[in-house]
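Some notes on the fold follow, as numbered points.

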Amino acid sequence: MKVFLTRLNDAYHFETKNERGDVVHLDNKSEESPQGSSPMDLILRGIAGCSSIDVVMILKKQHLELEDLQVEVEGFREDGAIPNVFKKIHLNFILKGDVPDAKAMRAVALSMEKYCSVAKMLEKAAEITYEVNLNGKLL
């Protein structure tokens, strides 16, 4: 796995590209008009994406299809700390579909506790918590 970064302006706007050519723009969130995600924002996006791929894969293997999957991720940092790392990350999985409660909960638990590489890496530095909502009901 390899990523290439190129500076695009005289401030903090960068373009990153992976070996397949996928492009993601980065910028400093404190800029007046940021033109990309901050690196810390990408970490939260990464855990949301990694865990969502797992959940879909686990449910597909059980021949269960989701109508919709959304994840809200919130990262909590210690004000004024340098470096200002995440101390806690909370994920709210919002699933919709004809999926039994236990199977939805188990799919998310397997992802967060076993399969999601991003979560497993981040849990060494931050407390990671999650909740699962299925068809409008908190499980």
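1. Helix H1 lies across S4, S5 and S6, and its direction makes about 150° with that of S4. H2 also packs on the sheet, where it touches S5, S6 and S7. The angle between H2 and S6 is about 160°. Please keep in mind that this is a predicted model.

2. The sheet itself is open and has four strands, in the order S4-S5-S6-S7, with mixed pairing. Its edges are strand S4 (66-77) and strand S7 (137-138), each of which pairs on one side only. Between S5 and S6 the pairing is parallel and runs over eight bridges. Within this part of the sheet, Asn92 stands opposite Glu131 of S6.

3. The largest nonpolar core holds 25 residues, and Val55, Leu59 and Leu95 have the most contacts inside it. Two or more residues each come from helix H1 (39-61), strand S5 (86-97), helix H2 (101-115), helix H3 (117-122) and strand S6 (127-134). H1 gives the largest share, six residues.

4. Leu59 deserves a separate look. Leaving aside residues up to four places away in sequence, Leu59 touches Leu64, Leu66, Leu95, Val99, Lys103 and Ala107. One of these partners, Leu95, is also listed with Leu59 among the residues with the most contacts inside the core.

5. H2 is 15 residues long and spans 20 Å from its first C-alpha to its last, close to the 21 Å expected at 1.5 Å a residue. Its buried residues are Ala104, Ala107, Val108, Ala109, Leu110, Ser111 and Met112. What covers these buried residues includes H1, S5, H3 and S6.

6. His90 is found in strand S5.

7. Not counting residues up to four places away in sequence, His90 touches Glu72, Val73, Glu74, Phe76, Thr129, Tyr130 and Glu131. With Glu131 there is also a polar contact between the two side chains, at 2.8 Å. Glu131 is the residue of S6 that stands opposite Asn92.

Conventions: Residues are numbered from 1 along each chain as its sequence is written. This is a predicted model: local features need pLDDT of at least 70, side-chain atom pairs count only at pLDDT 80 or more; totals for chains, interfaces and linings use all residues. Side-chain values use heavy atoms; hydrogens and water are left out. A nonpolar core is a set of buried Ala, Val, Leu, Ile, Met, Phe, Trp, Tyr and Cys residues joined through side-chain atoms within 4.5 Å. Buried means under 20% relative accessible area, exposed over 50%, partly exposed in between (1.4 Å probe, protein chains only). Contact means heavy atoms within 4.5 Å. The expected span of a helix is 1.5 Å times one less than its number of residues. Two strands pair if DSSP finds at least two bridges between them. Axes are lines fitted to C-alpha atoms, for helices over the stretch in contact, and angles run from 0 to 180 degrees between N-to-C directions. A polar contact is a pair of N or O atoms within 3.5 Å; within protein, one must be able to donate a hydrogen and the other to accept it, and residues adjacent in sequence count only if both atoms are side-chain atoms.
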